[in-house]
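Subject: Structure for you to look at

Dear colleague,

Here is the structure I said I would pass on.

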Amino acid sequence: MKKTRLATGAAALVVMGGLVAGCGSPSSNSTNSSGSTTSGSLPKGQTITVWSWAGGPQLQDVKKIADAWAKKHGDTVKVVDESHNANGFQFYATAARSGKGPDIVFGMPHDNNGTFAEEGLMAPVPSGDINTSNYAQSVVDAVTVNGTIYSVPVSVQTTALFYNTSKIKTPPTNWTQFVSDANKYGFAYAQHNLYFNYAFVGGLGGYVFKDNNGTLNPNDIGLDNAGAIKAYQLMYDMDHKYHWMQPSLTGTIALSQFTSGKTAMYISGPWDVPNIQKAKIPFSIAPLPTLSNGHPMTPFLGVITAFVSSKSPNQPADWSLVKALTNSTAQMDYFNDSQQIPALTSLQQSSTIQSSPMFKAFADEIPNAVPMPNIPQMQAVWNAMSILKNIISGQVSPAQGGKDFVANIQKGIQVQGS
């Protein structure tokens, strides 16, 4: 989630100097009749540059796969580590505009797609290069902008329920059980952050931008409808009716309370697994329970992707390499070496994932998850979410807070448009 939140700054573009390796040298392009790449039709001797926002062991996997592909095809692949780039993903945007960017970007969260696609900085995925039936619909929606798929899913992230197994033997599956366990053993989460609150908002009937058959409408905001107001009331009740948390509680404190054993339930994502393991408390992870309306929670979904720059002169070869970097073998390498949950449904349902107590719950949560909106207007939502703190503390009512939230988002979108 931390990487994904950085991505939402896509509207704040920064001009960079001293850009590293640029697009590969020009060469002839060749595709088959469907637009997809055939390895036999690719010219040799090309130089392809990959910028990777995946670091650590996953970066080594990327380099290994790229080297093997280059050897097979008679090309040269340069993999550049951008995982510690202080300028985030805007480094790519600035470079691509000037023609000094990479051919391929690997490890980019999907919520950049809208901004980069709108600017013409991403090449659409060629017909035949991705089989959408191999992914959950929510994963496909995440990489689709205005009906066009612009990137290939690599891995997925969402949230689930961490619970202390020394106190809770069987995790709650419905809201009644959840309330009972929370009252007895404690519950906390990053309650001021819409990223985590959306599980309640969406599950109770709210939405960020209306989804019209895969196209998000920024003029139709559902964060003040009846469902969203019910969610805000629930968030207020967690502090003032159930007394699970204090309005000042932050995500850092919530994690600390769980790792110290003060609370027995905590909502977060796979990025917190290492920290909780270090605390050496007995824990497991389960899918989120259903809500009081009987509907499942709807956590935000983040999809890590790979895509090709629209400025690259080597696109047929680029897409061939992208397929090598995102196929089932590669995705399992990323899971085994870096615990990245595969985007492919078949791998999520494989015995390897399903037998993993740390990751089964996240994989099982994907069907209920909602893709974080990938259009540029989402930045205005993040900028306006401070209203949630006012709702939780009781400074404004849930209904008024919803109106304020939407009004502030609309103002932010107007500023972006100007």
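W175 touches F200, L234, M238, W244, T290, L291, S292 and M297, leaving out residues up to four places away in sequence; contact here means heavy atoms within 4.5 Å. The model is a predicted one, in which local features need pLDDT of at least 70 and side-chain atom pairs count only at pLDDT 80 or more, while totals for chains, interfaces and linings use all residues. Residues are numbered from 1 along each chain as its sequence is written, and side-chain values use heavy atoms, with hydrogens and water left out.

The largest nonpolar core has 121 residues, and W175, F187, F200, L223 and F405 touch the most other members. Helix α7 (residues 194-203) gives the most to this core, with 7 residues. A second, separate core of 18 residues includes W51, Y92, L121 and V145. By nonpolar core I mean a set of buried Ala, Val, Leu, Ile, Met, Phe, Trp, Tyr and Cys residues joined through side-chain atoms within 4.5 Å. Buried is under 20% relative accessible area, exposed is over 50%, and partly exposed is in between (1.4 Å probe, protein chains only). Helices (H or I, at least four residues) and strands (E, at least two) are DSSP runs, numbered from the N terminus.

Next, the helix pairs. The axes of α7 and α8 come within 7 Å and cross at roughly 125°; axes are lines fitted to C-alpha atoms, for helices over the stretch in contact, with angles running from 0 to 180 degrees between N-to-C directions. The two helices, α7 and α8, are therefore oblique to each other, given that angles under 35 degrees count as roughly parallel, over 145 as roughly antiparallel, 65 to 115 as roughly perpendicular and the rest as oblique. N197, F200 and V201 of α7 meet G227, A228, A231, Y232, L234, M235 and M238 of α8. This contact divides into 8 nonpolar residues, 2 polar and no charged, where Ala, Val, Leu, Ile, Met, Phe, Trp, Tyr, Cys and Pro are nonpolar, Asp, Glu, Lys and Arg are charged, and the others, Gly among them, are polar.

Helix α2 (residues 56-73) packs on helix α11 (residues 315-326) at an angle of about 135°, with the axes 10 Å apart. That makes α2 oblique to α11. On the α2 side the contact is made by V62, I65, A66, W69 and H73, and on the α11 side by A317, S320, L321, A324 and L325. Its residues are 8 nonpolar, 2 polar and no charged. K72 is also found in α2 and is exposed, at a relative accessible area of 66%. The C-alpha atoms of K72 and K44 are separated by 10.0 Å, and the two residues are 28 apart along the chain.

T159 lies between β6 (152-157) and β7 (160-164) and counts as buried, at 1% relative accessibility. Beyond four places in sequence, the contacts of T159 include Y195, F196, W271, F300 and E365. H243, in the loop between α8 (226-240) and α9 (251-259), has a positive phi of about 60° although it is not a glycine. H243 is exposed at 58% relative accessibility. Q339, in the loop between α12 (328-338) and β14 (341-342), is not a glycine either and has a positive phi near 60°. At 39% relative accessibility, Q339 is partly exposed.

Regards
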